[in-house]
Amino acid sequence: MDDDRQEWNSLISCTKFIDLIGCGTQRFDEWSWIPCLQRWIEQSSQEKYEIKFLCVTRGLENNRSQVNVSGASRVGLYRMLQSEYRYTHSRHIDIDINEDDYTLIEYIKAELNMESMDTEVRYAKGIRYRACLKEQEKNEELQCVRMSFSPDHVLWITGGTRGIGALCAEHFVKNYGVRRIVLMGKESIPPRHKWKSHLEDYGSSLGIKIEKILSLEGMGAQVKTLSVSLGDVEGLHQSVQHVTSEWGPIGGVLHCAGMESSDTPAFIRKSLTSIQEVALPKVEGLNHLYACLKDEPLRFFVLFSSVSATIPTLAAGQSDYAMANAYMDYFAQDQAAVTPIVSIQWPNWKDTGMGEVKSKAYKDTGLLSHTNEQGLQMLDYILSQGMGPVVLPAYIDRDNWAVERLMQSNKPQDQNSDASNFPAQNQSSKENENLSNIVRGLTRIFAQELKLDTHKIQPYVPFAHYGVDSILLAQVVKVIRQKSGVDLDPSLLFEYPTVDALAIYLQNNFPSSMDSLYLFGTSVMQPNTADEQKETEETYLVNTHDFGTLSEIAIIGMSCHFPEAPSLEKYWELLTKGESSIGQIPSEHSGEDGELFFAGVIDRTPTVASTYFQISTEDAAAMDPQALLLLEESLKTVYHAGYTPEELHEKSVGVYIGARSRHLPQEELLLAAKNPILAVGANYLASNISRFLDVKGPSLVIDSACSSALISMNLAIQALRNGDIEYALVGGINLFHTDKEHQLFKQRGLLSQDSEFHIFDRRSQGVILAEGAGMVLLKSKEQAQKDGDSILAVIKSVAVNNDGRTAGPSAPSYKGQCDVMRRALELSGKQPQEIDYIEANGSGSQVSDVLELKAIQAVYRTKSKLPLGIGSVKPNIGHSLCAEGMASLIKLILMLSHGQKVPFLSGQQPMKHFKIEDSALYFNRTSEKWSSPRVAGVSSFADGGTNAHLILESYEEDSRTTIRRSLPLPSDLFELPKATSDRKGNRRMVWESFGLEG
């Protein structure tokens, strides 16, 4: 006994545990391991330290061949534990069955050190996949087409004498023509001569069951009832033999048997006996039932599973039930190739079964309870369509439905998560009273500034809902300052975008300064009691464990043309020297009112004749100049990758361009053009490239404002990962057609009048616009390595989103930025501390820049104090709008491939509301060596709220396998026009195209 206690004490001090039972090949469905797990969790909860559990299986998630179900009975538990226990982190990891033990160990090490909301992942061929649900629309036309069922066959229903089983029995007799039916149940049905007394016992369990049997018989069915235990394999086998010898073959099975634990809901308090009772019908019982019936001529074998098997938040409090149902799902996957089997992960039945669930957790999923009629309709549809092997049918509330998050844990990831924005439940009544007063005060302030009644300001509704813009928010901050004396950072209203959230922040950080707000908050808010009719939809989620492909993408070629940097070499020189190419527009080409603007402009002197691209000089004269520059850059990119245009001929190459065309050709040029459509169709910015190279992938032009280039890249990467294309040319471009861009930015108050572009700096006054173009050639990393391509860098992940409603078209969203960065980090498989540089967006606005630094800190340096470099190319060349993503990306690729960080030209004068010296963030001031491994992120946040974030990694080239090198451009390619004699000819060339009066 002392030895056992000593061994346990040594184990209890561990904080990371790995369950490897699922790596074997034998089924292991006993439960003696559970008490140890319960003790570990209880100990960590009591002593408040974090523990991590990994359940590792091998080949369990193999959707294309036989499944290795070893360990399947415990996976559902590990998926849900972290949703029930605060200090517990748990995850199921499946490894491809062909992976060796050494690789298995490496994957386990990676997962042990990874912070992720994923509850289930799979590794195959070196790629980490995340489990997700895939939505499938219902074909309404086929809704009522039921499958046929022979009247000479038997329908076998477990749990058939009550609840859903009895409901299904009636449905199949009435609608499928079933005439022979076996109902299994735990309670024995007495001989018929005793039925009368039970029927007279109104409302008794036996009386209700007998009534249902008589009802079935009244509809013309023969009924047998069996009370043999599903755990009794001999008794079950004999029962099947008896039924088939008397009635004939079994034609279908509905396995409805199941029970919830009558024990405590807490996993650590559940007895082993109660867990085994819950598991019996769905694990051991299913094995026995299937063994006895698998050789019958089955039309269907339906397993009645539960959403708790796959949605962790709904499994909290019923861990044993989730485990048992998850086993049924894997069992169905294993046998789907030989049996028409389907496991249905039922949401809540409102009228029958185990009772309607009305918990907040259930409501938050977006799932709605369904009626008996709706449930049976969904069952009919699943059978008629042959869906499976695992299906989750549901009626949903679209307002709360977020299918991509259903399989993730709801555990807060860090102190910046939403959970931290709400007061603890054990706050004192005095604190709660103070908080209520602050809420009232803030409500009164917002009501006055918005000119609304106070009862119309709801504390949980985002400010943007009321049409609040950034100017009004600034006014609100000013009033709060006046009332409280607290010098608030204006960006706080983007971080805490509701009255509730802002009130909690103020109470936690400035409790002694809130008295004036208490006095100001004298009005009483009336709750909004109006009920809104929710729109519901019916949906089906199939292939529950649908692991999306996240293969790595190689960058194998690139090209650019930015201000005073018409080549990669010149661009790198500009960056390493820490120089700026921003200058003043020549006075003779300013606007009508004589205004002088600063900008980054390029030399538009064509270097390649348009006829080389099979475009006539007449068409070229009428075309958008952006189209010709893109053709040049695409050609340079192809050669830089070591290819010739002939090698890409008729290949599946997609062209994805981030651009905005504002071109309005002069009428005489349009009339002279041979193909005038080339001059007015924005799609030709991409299509020209496809036509010239004669490639067969899609050609797309994307306009999401400043994030256009990286959004285009996201689409390209999706196509590569889906196998739609072999290569992707991705680019971004911006050229000025008139001075309207400057006038518009000036009108919005966003244009800087300074000659220097400052971001993350007290001197920030707005943006300085720029021209430019950049392009990269992408390929899957695996294919690039096989083809011997020279790989410049590797894209680990890309994430995109939108801010939704904010305080205005250009107003930032702290949450939106955090979400997109956190998602990219999660997809990359990297830890936050592994990222040591961010090429930031930078807006030139005090509020937006502070907010971005706070978001970067929240995602990448909440826990780690390792230095994180911050930079931006905008002070070097200006803001190139739709080309901005390419300018940032190509800068980062150059840094990664050269192993060198370059100077950041702004940020010398600290911003008032972000002390960078007190954080792990820093601005790089010199060109310095960048040691391996080099991993970095790049952000692009756009007007209109579409955000993108990429994570890239350097690539260590293997000279033995790299056979392609950059090729020189053909010597006869160039047709250089005469240079202007003006010393300022480069800039003059650009602005002459404006057609402005001097």
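Predicted model: local features only at pLDDT ≥ 70, side-chain atom pairs only at ≥ 80, totals over all residues.
Which loop, between which two strands, holds P933?

Residues are numbered from 1 along each chain as its sequence is written, and side-chain values use heavy atoms, with hydrogens and water left out.

**View 1. The whole chain, before we zoom in.** The chain's secondary structure comes to 33 helices and 31 strands; helices (H or I, at least four residues) and strands (E, at least two) are DSSP runs, numbered from the N terminus. Of its 998 residues, 57% count as buried, where buried means under 20% relative accessible area, exposed over 50%, and partly exposed in between (1.4 Å probe, protein chains only). Among contacts between residues at least 6 apart in sequence, 79% join residues at least 24 apart; contact means heavy atoms within 4.5 Å. The count of disulfides is zero, a disulfide being a pair of cysteine sulfur atoms within 2.5 Å.

**View 2. Helix 9 and its buried face.** Helix 9 spans residues 272–279, and its buried residues are S274, I275, V278 and A279. Seen down the helix axis, these buried residues fall within an arc of 135°, so they line one face of helix 9. The arc is that of the directions from the helix axis to the C-beta atoms.

**View 3. Helix 8 against helix 10.** Helix 10 returns here, packed with helix 8 (residues 233–247) at an angle of about 35°, with their axes 10 Å apart. Axes are lines fitted to C-alpha atoms, for helices over the stretch in contact, and angles run from 0 to 180 degrees between N-to-C directions. The two helices pass in a right-handed crossing; a crossing is left-handed if the near helix is turned anticlockwise from the far one by less than a right angle, and right-handed if clockwise. On the helix 8 side, V233, L236, H237 and V240 meet H288, L289, C292 and L293 of helix 10.

View 4. The axes of helix 5 (residues 163–175) and helix 14 (residues 372–385) come within 11 Å and cross at roughly 60°. That makes helix 5 oblique to helix 14; angles under 35 degrees count as roughly parallel, over 145 as roughly antiparallel, 65 to 115 as roughly perpendicular and the rest as oblique. L167, C168, H171 and F172 of helix 5 make the contact with N372, L376, L379, D380 and L383 of helix 14. For helix 22 (residues 625–640) and helix 25 (residues 684–693), the axes come within 9 Å and cross at roughly 45°, and these helices are therefore oblique to each other. Their contact involves Q626, A627, L630, L631, S634, L635 and V638 of helix 22, with L685, N688, I689, F692 and L693 of helix 25.

**View 5. L574 and its surroundings.** L574 sits in helix 20 (residues 568–577) and is buried, with a relative accessible area of 4%. Leaving aside neighbours within four places in sequence, L574 is in contact with P563, E579, S580, S581, N876 and I877. The C-alpha atoms of L574 and V902 are separated by 9.7 Å, although these residues are 328 apart along the chain.

View 6. Most residues other than glycine have a negative phi, and most peptide bonds are trans. P933 is in the loop between strand 29 (928–929) and strand 30 (935–941), and the peptide bond from S932 to P933 is cis, with omega near -5°. Another cis bond runs from G388 to P389, with omega near 5°; P389 lies in the loop between helix 14 and strand 14 (390–397). D694 has a positive phi of about 55° although it is not a glycine, and lies in the loop between helix 25 and strand 20 (699–702). L881 has a positive phi near 50° and is found in the loop between helix 31 (874–877) and helix 32 (884–898). D694 is partly exposed, at a relative accessible area of 24%, whereas L881 is buried, at 10%.
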